[in-house]
Structures are given as structure tokens and as C-alpha cells.
Amino acid sequence: MGVTESNESQEDRVGYVRIQDIPQLNQEHCRMRDPQRVERIINEFVCGGPERMQIVSDFDYTITKQRTDDGVAVPSSFGIFNSCKSLPDNFKEEIDKLFHKYHPIEIDPHMPIPDKVQYMIEWWTQSGKLASGFAFDLAELDQMAGQFKHALRDGTHELFEALQRLQIPVLVFSAGLGNSVVSLMQQANIMQPNVKVVSNFLRFRDGLLDGFQEPMIHIFNKNETVLEGGEYYELVHTRDHIIVMGDSLGDADMAAGVPASSHILRIGFLFHHVEANMEKYMNAFDIVLVDDQTMSVPQALLALIDNRHQMRHPHASNGTASIQALPNAAL
Ligand SMILES: C[n+]1cn([C@@H]2O[C@H](COP(=O)(O)OP(=O)(O)O)[C@@H](O)[C@H]2O)c2nc(N)[nH]c(=O)c21
Ligand SMILES: [Mg+2]
């Protein structure tokens, strides 16, 4: 019996990519709630090509490792700043007090989000006030950040190199401290012109620290809605094929604010309390990677997009018109 045209499904088409043919997605520690949905989105990405892609990634423990080979703990971007020796004596003590007051609220499973938002604004505001009124040499932050430039996930360099070559914009979102993020990424040679960091950056006034620049990025506005009207929004709002990567549950929402018709593939790196968190992560992310300290999965997806692109445009060296470097301090 011959296959009639009307019976031919998308899956029968030449070039259709199947999950079972992508080794990285068939590893034991790679979990998917709905593999068919993942397969469908991957095929959209491959057909759409690099021109329609954008990446949105968290920084702490997403670009940096959750567990290093030598067991050395990697500090968060705030942690890098807080460990600078020249900060005033009481700074660390006061910042720790704030952490102990507000962090339990951040992770309280019972408090409604709108109530939490008020507390988070208070926390970030008070941290900014503490980081005010004294001199601070950013070279010290560079020195601290540089110690962790080898703590990026395996394959990060290759992933960012491919993203740059294909001219795919990368938005690194951090509710932490942008100066640490940029410094670490610069020293690791991944701060290419297609990479934009949206985060909290230190402000200086008359040579003294003066808290953070506006707008404040806290964990509940860490999504594309804060970009509206800005330069970056203009650049990416037509790119409706999006890979979101994060290690915290809230990171799954980082693409909120993009058009509803977009195709979004969410990759979650799960490390702490695997059993207790598994169900929530499976619901929030399309792909959950358990104790995976590499970029192999996003690299594999990009390779599929790249290969198809090369087949279609054998002489093209990159995706589209080049992206101009954008300032990282302002939206
Ligand atoms: C204002 N403030 C917020 N945080 C934490 O910084 C995190 C930044 O959030 P994030 O950008 O989602 O980073 P992540 O990848 O580390 O999750 C929040 O989850 C807060 O717990 C903070 N951590 C420290 N050490 N000091 C601070 O002043 C401070
Ligand atoms: Mg994180």
C-alpha cells in the first residue's frame, strides 16, 4: 500500500530530526516531560535557522558550574563582590543580616508572589544602600572574578563561539551583580558582541560607590518584559525561536514578554535536592539535566541548526547581518 500525500506526516519528511537520533538527549540524566513537544520545537528551530534564534540564559550556576571537578565552591556574582577585602568592616555583616532576613522570604513556598515582590525590592534597595558612600576599585572585583574564569560549564567557550559565528543574540539575565558577571565572562573570553548582560551594575558618584544603576533587576522581574522599549528588545523581538537556560525554577519564565506565538525550549540544570525538586523542574522546563556540568545539550541543538544552515547556504560564514556591540550597563 503506497503512502498518499495526505497521510504523510511531518515526521516522514526528509530531514526531520528525531529525539532518538540526538545522543545528548538520550542520556540517563536527561529527562523530558513531553519528548514529542521537544522534538517538534527542535524541528521548528532547525527549519527556521539561526536568523530566528535567540538564547536567554541565567548566569550563576547556569553558565558557571554547580559542581566543579576540584570541589572548589563557585561564588555567586554577589558573592564575588562581597568577598572583596577592601569593603568596609561592617559591610559583610550587614549584607549577611539582609540575606538571613530576606532569603527565607524568597524561598517561602506559601507567600503569594506579589507580596514577595515588595520584600525583594526592599532587599535589593537596602543592599544598594549598603554599597554606597565608599571608594571601590573595580580592579579588585576583576581580580576576584578572574579566579573563577575556569569554573564555566564544560563546552561554554565552544557554545559561545558557535553563537557568535551564527550571529545568534545571547541575553544573560542576572538578578545578581552585573559587574561580576561581565568581568568573569570577559576574562573567560566569552563576552562577544552578540552577548548582552542585563543585571544590576554598580553606580559611582563623585568617585564613591552609589548603589546600583536603574532599573533594578530582581528575581521576579528577571524576564524580557523589563527590556520593553530598549535597544535589545528591538534587536530580538523578531527572533521567535528561543532557548532558555537556567538552574532556578524562576529562570523558566525568563522569556516572559516575548510574543505568544514564539517557540520556547526551556533547559533546566537540576543539582540540589534532585528527588524533592524533580517534579517541579519537569513541569517548568522542557528538558531537565540532572547534575550535568556541561553545555553538551545546547551545543547539540545548535549543531543541528548549524548543519542545516550550512546545507542551505554552503558559502555563508554566518547567519544574518552582524550584531552591533551593545553597552551592558543600560537597557
Ligand atoms: C540582594 N541580593 C539578592 N541576592 C540573591 O541573589 C540571587 C540572584 O538571583 P539570580 O540572578 O536568579 O541568580 P542565581 O543564578 O544565583 O539564582 C537571588 O536569588 C538572591 O537570593 C543576594 N545575595 C547576596 N549574597 N547579597 C545580596 O545583597 C543579594
Ligand atoms: Mg542561577
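**Exercise 1.** How many nonpolar, polar and charged residues are in the shell around ligand 1?

*Solution.* This is a predicted model, in which local features need pLDDT of at least 70, side-chain atom pairs count only at pLDDT 80 or more, and totals for chains, interfaces and linings use all residues. Residues are numbered from 1 along each chain as its sequence is written, chains are lettered from A and ligands numbered from 1 in the order in which they are written, and side-chain values use heavy atoms, with hydrogens and water left out.

Step 1. A residue is near the ligand if one of its heavy atoms lies within 4 Å of it. There are 18 residues around ligand 1, of which Asp60, Glu106, Ser127, Ala175 and Lys222 come nearest.

Step 2. Sorted by class, the shell holds seven nonpolar, six polar and five charged residues. Here Ala, Val, Leu, Ile, Met, Phe, Trp, Tyr, Cys and Pro count as nonpolar, Asp, Glu, Lys and Arg as charged, and the others, Gly among them, as polar.

**Exercise 2.** Which element gives the most residues to the shell around ligand 1?

*Solution.* Step 1. Elements are DSSP runs numbered from the N terminus: helices are H or I with at least four residues, strands E with at least two. Those giving two or more residues are α2 (77-82), α3 (89-107), α4 (113-130) and β3 (170-177).

Step 1. The answer is α3, with four residues.

**Exercise 3.** Describe the pairing of β5 and β6.

*Solution.* Step 1. Strands pair if DSSP finds at least two bridges between them; β5 (residues 202-205) and β6 (residues 208-212) have three, in the antiparallel sense.

Step 1. Leu202 stands opposite Phe212 in β6.

Step 2. Two residues lie between the strands of this hairpin, where Asp206 has a positive phi near 50°.
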